Amino acid sequence: MAKQPAAVIGVGQTHHRAKREDVSMPGLLREAIDRALEDAQLTLEEIDAIVVGKAPDLFEGVMMPELFLADSIGAAGKPLLRVHTAGSVGGSTAIVAASLVQAGVHKKVLTVAYEKQSESNAMWALSVPIPFNMPVHAGAGGYFAPHVRSYIRRSEAPTHVGAIVAAKDRQNALKNPYAHLKNPDTTVESVLASQMLWDPIRYDETCPSSDGACALVIVSEDEAARSANPAWIHGTVMRSEATSAAERDQVNPQASRDAAAALWKQAGITSPIDEIDMAEIYVPFSWFEPMWLESLGFADANGGGWRLTESGATAMGGRLPVNCSGGVLSSNPIGASGMLRFGEAALQVRGAAGEHQVDGARKALGHAYGGGSQFFAMWVVGSEKPSS
Amino acid sequence: MRDVAVVGFAQRQMAEFDGSPTCVELLVPLFAECYEQTGWTRRDVGFWCSGSSDYLAGRSFSFVSAVDAIGVIPPVNESHVEMDLAWAMYEAWLKIQTGEVDTALVYAFGKSSAGVLRRTLSLQLDPYTMTPLWPDTVSLAGLQARAGIDAGLWDERAMAEVANRSLTDAEKNEYAIRKGGSSVEELLARPVYADPLRKHDCAPVTDGAAALVLAAGDKAREVCERPAWIRSLTHFVDPMSMGTRDLTRAPSAQRAGAGADLDGVEVAELHAPFSHQELILRTELGLGDDVRINPSGGALASNPMFSAGGIRVGEAAKRIWSGEASKALGHATSGPALQQNLVCVLASEGTDD
């Protein structure tokens, strides 16, 4: 049996902040859910099934929180799934939700991903000593800085390219009413003047820790008729590889390249740079923009990524605008960060991205990664129903 | 819907696993058994999905090192649920239904003995109103058992009958960690542990892992003489709040059963970590006295967290493969006091046959 067409007809998100002390976890999720349902013009009662995603339970200090959340998010009496695939989880969760529709099992699925980091302490959650493992004690930045250094060396990138990305995304965030960081004065110069944290990653080149949630309503072909502007799902992909292995290329992991190849094939795309109108790429540290541009095949793998970024092609109005929402660099509720990328891509092809809309966007990429650059989740959404 | 069957199953259950909470050492031999059963290598597996809990492992991202057991170079199509194996199987079944893949291997693991399980599970409750009181799982199940006794729905004798049958059947299960039936009278003479529960009314703390192999259509027929075709696969969840739900009922189990093709089920493997919960499930699923319950000994004989539900499906599949049954039910539960329930009906004939 062939895959059933599926489309996003509702996107909702919270205002992302360092601490959302004004709401409980259920309150945070409902803020995103209610917006997504309003967008989809559906009620919770009409939803067939709910898929919840978030990163490690230690981030909030609750084991399998979807169980206590079941009632408040409207899952009581419905099927409820809980996905956890590290940083890529927001993307994977949206893909599992889409597969419920694509499999022909359900017609109206709600998916929600969140993190409320202020309930616990992420550094503690990530620093539990593990027997026989070298402690990192440096957070994600310390883990990824060597990958970035390796990229700069291999591609002979000028060292200010990361600052270009950071300044661009922070400026884009000013156009997104939900973004966490709103720093109108951020420029390439100010980023370069900020504190060096993990050489070559400076303070302004890192993502914040946010409380926030994102929700999507994904429906079948006949239910999509209720929407004036559905975002059709043209392809979804997940790929995983090991954390450590001698032959691993951590700068341009094979799982990422394999995922991109499978995705473009599914979506019928032969030249991503020409056929994709905008991309929401998971960039928690500025340099990951040029790194992923190469890995995803938007540019050659010998420095094509930084050349694209440096040329301004990834800015609003450029050839391939990247992270018009401000991206992970401006809002990072970890479990939701991937779903925000997927949801922002959907908003763009629906022409519903408001001030950060790319004119005439018809096909967009949503991308997420996690673990030690080893888990990947991606989708392509389009304004037209896929032909096959 | 595509016809999808369970064609492989491997399990390990023990009182105390002498190894890491990520259980990689347990998973490698389990996968080897699955390859032997199917004649496949890992490259024949189209999709992988695992179930586990970070809180049980005492660390974040516990599933990350588990993928090392697969040998994920080159990379694989893979996902993970913070749920029991049965729900990992559900995600894989969905993936096969989309037509994207034809085969899947799903697995789950958990080292319950690494902490005090009933306390760890307190962290599953509402963090604002319940967890601060640290009610433990056994006590909550005790309240549930008492509610049923007070309502006249069952008594301690009926609970002891469940335990006696389970422990007697467990004698034939090499993976059971608690086994040996006696008599209802002898069991009732034992001391009360969490009134009205006695120790044998509660699943033993169990470490372990399990894996299931799924395949669609001809792929299943190629590797299995008598595939266990999935005729129904449904699951639902109830609100958690103990104060507002009727603890003597499990509406989500009833609903899952109502959505499944239960006609003619001969064997049912029910995931009931407490004896009285089997009584609730039998009622909610409408299983008659002619249905053989838990020939494996069930969860009262061993209950490895995050794989015990999927093991029920594996045990049901074994009855189909062997020809012992032509229709069998596997059930899984999650959350306190039967909050979430899944029903999987397996049959020797698929819908296409």
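Reply: A disulfide is taken here as two cysteine sulfur atoms within 2.5 Å of each other. This is a predicted model, in which local features need pLDDT of at least 70 and side-chain atom pairs pLDDT 80 or more, while totals for chains, interfaces and linings use all residues. Residues are numbered from 1 along each chain as its sequence is written, chains are lettered from A and ligands numbered from 1 in the order written, and side-chain values use heavy atoms, without hydrogens and water.

Me: How many disulfides does this rule count over all chains?

Reply: C214(A) is in no disulfide, its nearest cysteine sulfur being that of C324(A), 16 Å away. The sulfur of C23(B) is too far for a bond, because the closest cysteine sulfur, in C34(B), is 15 Å from it. Over all chains the count is zero.

Me: Is C23(B) buried or exposed?

Reply: Buried means under 20% relative accessible area, exposed over 50%, and partly exposed in between (1.4 Å probe, protein chains only). C23(B) has 1% relative accessibility, so this residue is buried.

Me: Which residue of chain B forms a salt bridge with K3(A)?

Reply: A salt bridge needs a side-chain nitrogen of Lys or Arg within 4 Å of a carboxyl oxygen of Asp or Glu. Between chain A and chain B the count is one. The closest N and O atoms are 2.9 Å apart, and the partner of K3(A) is E100(B).

Me: How many residues of chain B are in contact with chain A?

Reply: Contact means heavy atoms within 4.5 Å. Chain A contributes 60 residues, and the number for chain B is 55.
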